[in-house]
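Trainee: I would like to learn how to read strand pairing and residue contacts in a model. Where do we begin?

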Amino acid sequence: MRASTPDTPSARPQDPDEAAREDGEDRDDREDRNDREGREGREVTADGQEGREDTAAGTEHRGGPLGRVTPLVLAALALVVAAAVAAAWGGWAWYSAAHDDDAAFARARDTVLAAGEQAVQNMNTLDHGDVDHGLDVWESSTTGELHSQLVQGRADFVKEVRQAQTVSTAKVLSGAVTELDTRAGKASVMVALRITVRAPKGGPSVKESRMLGELTRTPAGWKLSALGQAPLGDSADTAADSSAGSGADSGTGQPSPGR
């Protein structure tokens with residue numbers, strides 16, 4: 001008696017037509033899958049393209065009237081920049097002009113002071129042994145009425161100085177410009193001096209003196225037009241009044257012209 005065995009599927013021969021159909025079905029399935037994958041890929045690509053287009057559209061929108069630099073905006077910016085530059089230049093020009101004026105006035109003041117001190121010192125320096133040269137210096141330091149007085153009384157003054165036989169020297173201790181009008185060409189100075197007078201007999205006489213001088217601008221520079229003593233405790237105006245008729249009475253101890 002034969003033992004029974006479980007039934008197993010046995011290999012059976014396959015019909016060629018059936019195998020061909022199965023191969024065709026497999027191809028169709030693959031093509032369907034490829035088509036689906038292709039459509040999905042195209043959809044993804046289309047979505048990405050739409051996203052880029054949306055982004056570009058958003059960017060273009062943001063660069064619109066509010067974000068895009070238009071010719072009108074450029075013109076407005078140019079006007080603002082031009083106005084700022086003009087304001088800065090105007091401010092600098094005003095500042096520079098103001099400081100140039102200040103600097104010019106300071107230079108004029110220094111020039112007046114130097115000329116005034118030198119002229120006052122000259123007018124208080126005279127040697128009887130070289131009186132002609134001394135008087136030449138006096139005349140070159142003066143202008144106006146004071147100069148005229150010196151020229152007109154020169155001959156008599158030479159005789160008086162030579163007769164007195166005095167020698168006067170002066171040293172400037174300090175000086176200041178009390179008035180200055182550059183437009184009118186007028187100025188006033190106050191000068192402190194130490195004056196030494198030597199006579200043939202006796203020792204030298206030394207004294208300190210304050211003098212007020214009025215200066216006038218001439219083609220040759222600033223020159224004395226009046227000179228006189230500055231009264232102690234008096235204002236410059238009062239002292240100037242006293243110097244109007246003082247001529248060359250400069251405190252040297254020398255005779256003045258016409259006296």
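Mentor: With the terms: two strands pair if DSSP finds at least two bridges between them. Helices (H or I, at least four residues) and strands (E, at least two) are DSSP runs, numbered from the N terminus. This is a predicted model, in which local features need pLDDT of at least 70, side-chain atom pairs count only at pLDDT 80 or more, and totals for chains, interfaces and linings use all residues. Residues are numbered from 1 along each chain as its sequence is written, and side-chain values use heavy atoms, with hydrogens and water left out.

Trainee: How many bridges join strand 4 to strand 5?

Mentor: Eight, and strand 5 (residues 221-229) runs antiparallel to strand 4. One example is G213, whose bridge partner in strand 5 is L227.

Trainee: What joins strand 3 to strand 4?

Mentor: Strand 3 (residues 186-198) and strand 4 (residues 205-218) are antiparallel and are joined by 12 bridges. K186 has T216 as its bridge partner in strand 4. Their hairpin has six residues between the strands, and G202 there takes a positive phi near 85°.

Trainee: Why does F105 count as partly exposed?

Mentor: Buried means under 20% relative accessible area, exposed over 50%, and partly exposed in between (1.4 Å probe, protein chains only). F105 counts as partly exposed because its relative accessibility is 35%. F105 belongs to helix 2 (residues 71-123).

Trainee: Which residues is F105 in contact with, leaving aside its neighbours within four places in sequence?

Mentor: Contact means heavy atoms within 4.5 Å. On that basis, F105 is in contact with L180 and T182. F105 and T182 are 77 residues apart along the chain, with their C-alpha atoms separated by 7.8 Å.
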